[in-house]
Amino acid sequence: MVASLTALPFASLAQPAWPTRPLRVPLVSPAVLEAFRTGGIASRSGTPAQFADFMRLEIARYAEVIQRVHISVEG
């Protein structure tokens, strides 16, 4: 079971203005944020640099898990 997930509505390189206002408004509405919280999802937004920092931390975190349990790619 996954303890928590993170939803990342960060800006995209292909679409710098994403999410557009019509999409962004529902994503931050109280009902959606409450549904995310209830489901164990932390909603975050930010700049591309903040997303890059988040991804570096996540990659390092999962790399540690992969090494600890000796997961390998079978080809």
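This is a predicted model: local features need pLDDT of at least 70, side-chain atom pairs count only at pLDDT 80 or more; totals for chains, interfaces and linings use all residues.
Me: Thanks! What share of the residues counts as buried?

Reply: Of the protein's 75 residues, 7% count as buried. Buried means under 20% relative accessible area, exposed means over 50%, and partly exposed is in between (1.4 Å probe, protein chains only).

Me: And what is the accessible surface of the protein?

Reply: It comes to about 6200 Å², and carbon and sulfur atoms hold 65% of that. The areas come from the Shrake-Rupley method with a 1.4 Å probe, and for residues only the protein chains shown count as cover.

Me: Switching to contacts: what fraction joins residues 24 or more positions apart?

Reply: Such pairs account for 68% of the contacts with a separation of 6 or more. A contact here means heavy atoms within 4.5 Å.

Me: Now charges. How many salt bridges does the structure hold?

Reply: Four. The criterion is a side-chain nitrogen of Lys or Arg within 4 Å of a carboxyl oxygen of Asp or Glu. In general, side chains of opposite charge can pair when their charged atoms come close.

Me: Which residue does Arg-37 pair with?

Reply: Glu-34, with the closest N and O atoms 2.6 Å apart. Both sit in helix α2 (residues 30–38), and because they are three residues apart, about one helical turn separates them. Arg-37 is exposed at 56% relative accessibility, while Glu-34 is partly exposed at 38%.

Me: What about Asp-53, which partner does that one have?

Reply: Asp-53 forms a salt bridge with Arg-56, and their closest N and O atoms are 2.5 Å apart. These two are three residues apart in helix α3, so about one helical turn lies between them. Asp-53 is partly exposed at 41%, and Arg-56 is exposed at 53%.

Me: And which residue bridges to Arg-68?

Reply: Glu-64, at 3.0 Å between the closest N and O atoms. Arg-68 and Glu-64 are four residues apart in helix α3, again about one helical turn. Arg-68 counts as exposed at 54%, and Glu-64 as partly exposed at 48%.

Me: New topic: which residues form the nonpolar patch on the surface?

Reply: Tyr-62, Val-65, Ile-66, Val-69 and Ile-71, with about 440 Å² of accessible area together. Patches are made of residues with over 30% relative accessible area and no salt bridge; like charges are joined within 9 Å, and nonpolar side chains (Val, Leu, Ile, Met, Phe, Trp, Tyr) within 5 Å.

Me: Where is Val-65 placed?

Reply: Val-65 is in helix α3, which covers residues 48–68. Val-65 is partly exposed, at 35% relative accessible area.

Me: Last one: where does His-70 lie?

Reply: His-70 is in the segment after α3. Its phi is near 60°, a positive value in a residue other than glycine. His-70 counts as exposed, at 68% relative accessibility.

How values were computed: Residues are numbered from 1 along each chain as its sequence is written. Side-chain values use heavy atoms; hydrogens and water are left out.
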